[in-house]
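Subject: Structure handover

Hello,

Here is the structure I promised to pass on. Please open it first, then read the notes below.

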Amino acid sequence: MPQLIRQRKFVADDWRNIDDDPTGRERALIIPFARWQAERDQWWLWDGKLGVRIGPTDAVEALERDFLRISLVAIEFSGIGEGRGYTQAQLLRRRYQFTGEIRAVGKVQRDQLFYMARCGFDAFELPDGADTAVALTAFDDFSVKYQDSIDPGLNLRRRAGT
Amino acid sequence: MYVYDEIDQRVVDERVAQFRDQTRRFLAGTLHEDDFRALRLRNGLYIQRHAPMLRVSVPYGLMASKQVRMLARIAREYDKGFGHFSTRQNIQYNWPKLETVPDILELLASVQMHAIQTSGNCIRNVTADHFAGVAPDELDDPRPWCEIIRQWATLHPEFSFLPRKFKIAVTGSPQDRAASKVHDVGLNLVRNGAGEIGFEVLVGGGLGRMPIIGHVIREYLAPRDLLAYLDAILRVYNMGGRRDNIHKARIKVLVKAVGPAKFREMVDAEFEKSRDIAPVLTDAEIARVKSHFVPPKYELLQDEDVVTGAGNEFRNWYQRNTRKHKIGGYRAVVVSLKSPQRPPGDITDVEMEKVADLADQYSFGLVRSTHDQNLILADVRQQDLKAVWQALQAIDLACPNIGTLTDMIACPGLDLCSLANAGTLDVARQINERFDNLDYLYDIGDLELKMSGCMNACGHHHVGHIGILGVDKSGEEWYQITLGGSAGGQDAALGTVIGPSVAKNDVPETLDRLICVYLEQRVESERFVDTFRRIGVAPFKARVYAPADQAA
Ligand code: SF4
């Protein structure tokens, strides 16, 4: 089982991938993007929570009209070299103002968390066997940042008036 | 130069702590080798042929004397007593131990230096004209802009895992000594119709396997939009660049695939859409950074004639190794790391310390590294030139060959680099032996010779007047020759391959033949590259591949 960090804490996962729970017994399902595109109308009136799982080439702008209904976007990472998810999260959060959970899934490892969190991810599935002891400190690897992002960066400097 | 404030210092200190922890986890076996690889590369740490190689960032080539002394100390205590300056103005150590790298980084941080993003698929060290701030033809000093970009690029949340490495150069003078046209992004300082400073933006240039000259995608970009526009370029690249094939992953491949006009549209559209979230570069921040680059306190001096009556040796050095300065009574001095016995760009700990001393004594305590693997003391009073020359001569750093054939660029090649196809240092040595007559070198005049040990082109061979590329022919080292390349400004061009590659021991002879054709054919003061452009490749080719008895 992957281990879920949400809001900087390890928590039990209340969501299920649709493949693992086809009938939605847990009332919180994550549906792959292509399937969501095809079955959107049929799920819309279902009475559970819905999330969509996207891959690196899926266009986040296609989800904008769904924000009323979906409360989670899971973004896939195939390894440390995959960088598109950072942009996808950044756009979801900042351009399209998505307020639900943005979850990093796949091969996610500790040393990416700092960057991911700054792009708007607030949940992270660490693969089975990941070193959980060191994961939660990753968000504080750096106490200052140059770029404005989800949290202010260079603003620090402007505020300090230096 | 830029001096860190508390924020900048904290970033590098915390980076050291982070890397120390990553190294610890790797050595303890809890951080997987592949993951560690991506992380150590972001700190400039490669695993090379013999040992790790650590590349230290020298942002836009500028160093304070105390930083140079620290580089010397690291060379002595953690390496075999020398460092190697690269074509990206950085310094590399070839023999550090993995376990000691966190300590090295800590020493660097103590003098406001780091190795952040000197490697890996991220935004690399931003380079600039090495005569920035002192060049008479300069429109504006590129270094404050480089520093602003450096900070923006450091640990960028969105653009730290790009398809491939990303290199930016900024130039403030039409001569373009930063080779901005062969960078992923080149920024040329220009003025608009109203006389305001801004940037011409080029994108998609590069060397390596697919050498290509960059395309202008914006004629004038206002400074306040600098970071927003870079964000837009990087976002288009991050989403659109190829990740399936490492050799097709640079931005130039994307630009070529969609076409420069379409790429421009994509960037402009992204730029417009991101207005609300994009960084704004404020006048206050520009002023803050610029205040670190105010000119030093020059004395009021007149230009003086220091060569008349001086000996030949000094005169040669003055002519070849010093450059005009925008302030009267001063010269910029090039410290040659190209003496015959020296692998190009190499310098020992003791030599570094001496250079640092000279900088303190004669050049406001600053040293610069250049793209062609030399150092510069940029602000030397003309009246001090003789003393500086003598001091440099005593440590073999006054070889009067700057701009000549033996001021060649060479990457470390097969001796040290695990990607190499062929050696470069041997070849450099052989070339130095063949062309050891200074008068002959001066007669040949300005000639840029650039050599890479493989297609990655760290030695920038495509843009050498003469380029030498090491290739592997069934396990043997061979060398492909190109002619007519140039990195600079309006002149920028990629070299033409003259024909089949030549064997290792034939490289000096080949150069000799090329030079002979030039000397026979040149008109007046034409440079080698001008003659080549006028007469084309054919006469050179004919001579190089002629049998030995007909070549003379
Ligand atoms: S050009 Fe090739 S051989 Fe030379 S340093 Fe670069 S990768 Fe190594």
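Helices (H or I, at least four residues) and strands (E, at least two) are DSSP runs, numbered from the N terminus. This is a predicted model, where local features need pLDDT of at least 70, side-chain atom pairs count only at pLDDT 80 or more, and totals for chains, interfaces and linings use all residues. Residues are numbered from 1 along each chain as its sequence is written, chains are lettered from A and ligands numbered from 1 in the order in which they are written, and side-chain values use heavy atoms, with hydrogens and water left out.

Chain A

Chain A has five helices and eight strands. From the N terminus, their order is β-β-β-β-α-β-β-α-β-α-β-α-α. The C-alpha trace of chain A spans about 55 × 35 × 25 Å along its principal axes. Of the 162 residues in chain A, 56% are buried (under 20% relative accessible area, with a 1.4 Å probe and protein chains only).

Arg342(B)

Now to one residue of chain B. Arg342(B) sits in the loop between β12 (330–335) and β13 (346–348). Its relative accessibility is 9%, so Arg342(B) counts as buried. Leaving out residues up to four places away in sequence, Arg342(B) touches Leu337(B), Ile347(B), Glu351(B), Ile395(B), Asp396(B) and Leu397(B), with contact meaning heavy atoms within 4.5 Å.

Best wishes

Notes:
Buried means under 20% relative accessible area, exposed over 50%, partly exposed in between (1.4 Å probe, protein chains only).
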